[in-house]
Amino acid sequence: MSVFETVAIRHGRPLFYEEHLIRLINASEQLLSVDASSFCDAAKSLALPEGESGVLRIYVTAGTGSLTEECANPNAFALFETSEISSGMGQGLSVTIERSPVLPAPGGWKTGNYWSNLRALQSAKREGFDEAVLINPAGEVISCAVGNIFCVMNGRLVTPALSSGARNGVIRDWVLTHAGAEETLLSIDDVAQADEIFVTNSRIGIAMVSTLDGRQLLSTAYTRRLAADYREQILLA
């Protein structure tokens with residue numbers, strides 16, 4: 001029973017730190033009924049590895065006590081993993097659509113119950129793909145397994161609405177604000193017919209999708225412009 005946020009650290013500098021901590025406080029309040037403000041204040045004083053890049057995962061857990069009682073003794077911890085934080089779109093992702101529905105996390109919050117997402121990702125990788133598009137039991141597109149999804153359709157930039165189970169990620173929010181993307185309910189057919197697709201999360205930033213179930217996506221212009229803006233405004237700021 002836990003909630004978490006993943007913060008990208010680029011050359012010792014955390015990206016969207018305040019935004020991540022606000023989401024962690026809100027998720028802790030909604031799902032665990034605890035005030036995580038003190039934990040998040042402590043997180044601000046963490047000594048981050050100087051000059052290194054990677055991801056900092058901050059967790060708030062239900063702690064000790066009976067499963068039937070309210071959370072009275074929450075715990076928090078942070079883990080840093082050294083890794084590359086993408087500064088560009090690379091060669092593009094190969095993505096498949098996972099047609100077996102999954103139950104999204106309550107409220108779209110990031111919780112420790114990530115099994116459905118990871119099983120879908122593992123299945124996709126066994127088939128030679130990089131990522132998988134997930135749907136909920138109503139047939140609505142949620143996201144990708146470990147990132148939010150955006151589609152360019154007839155000149156419109158759209159992303160699954162939070163009501164479908166999409167995670168309220170900070171990069172998703174940046175795209176919504178910067179590019180004026182539209183939140184809507186998307187079906188598998190919508191995604192399959194998209195002109196462009198890209199995936200967002202803290203580690204990869206904005207990653208272009210090059211193929212969907214083997215179909216080459218020929219258009220990349222919109223995604224490339226947006227990724228260039230993200231690089232200039234966020235990564236190199």
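The following exercises, each with a worked solution, concern one predicted protein model.

Residues are numbered from 1 along each chain as its sequence is written. Local features need pLDDT of at least 70 and side-chain atom pairs pLDDT 80 or more, while totals for chains, interfaces and linings use all residues, and side-chain values use heavy atoms, without hydrogens and water.

**Exercise 1. Overall form**

Determine how many helices and strands the chain has, and judge how compact the chain is.

*Solution.* Step 1: helices (H or I, at least four residues) and strands (E, at least two) are DSSP runs numbered from the N terminus. The chain has six helices and 13 strands.

Step 1: the radius of gyration, taken over C-alpha atoms, is compared with the globule rule, 2.2 Å times the number of residues to the power 0.38. The chain's radius is 18 Å, close to the 18 Å that the rule gives for 237 residues, so the chain is as compact as a globular protein of that length.

Step 2: the C-alpha trace spans about 50 × 40 × 35 Å along its principal axes.

**Exercise 2. Burial and contacts**

State what percentage of the residues is buried, and what percentage of the contacts joins residues at least 24 apart.

*Solution.* Step 1: buried means under 20% relative accessible area, exposed over 50%, and partly exposed in between, with a 1.4 Å probe and protein chains only. Of the 237 residues, 49% count as buried.

Step 1: a contact means heavy atoms within 4.5 Å. Among contacts between residues at least 6 apart in sequence, 67% join residues at least 24 apart.

**Exercise 3. Strand S1 and its partners**

Describe the burial of strand S1 (residues 2-10) and identify the strands with which S1 pairs.

*Solution.* Step 1: nine of the nine residues of S1 are buried. Ser 2, Phe 4, Thr 6, Ala 8 and Arg 10 point one way, whereas Val 3, Glu 5, Val 7 and Ile 9 point the other way.

Step 1: two strands pair if DSSP finds at least two bridges between them. S1 pairs with S3 (residues 54-64) in the antiparallel sense over eight bridges, and Glu 5 stands opposite Ile 58 in S3.

Step 2: S1 also pairs with S2 (residues 13-14) in the antiparallel sense, over two bridges. Arg 10 stands opposite Arg 13 in S2. S1 and S2 form a hairpin with two residues between them, and His 11 in the turn has a positive phi of about 50°.
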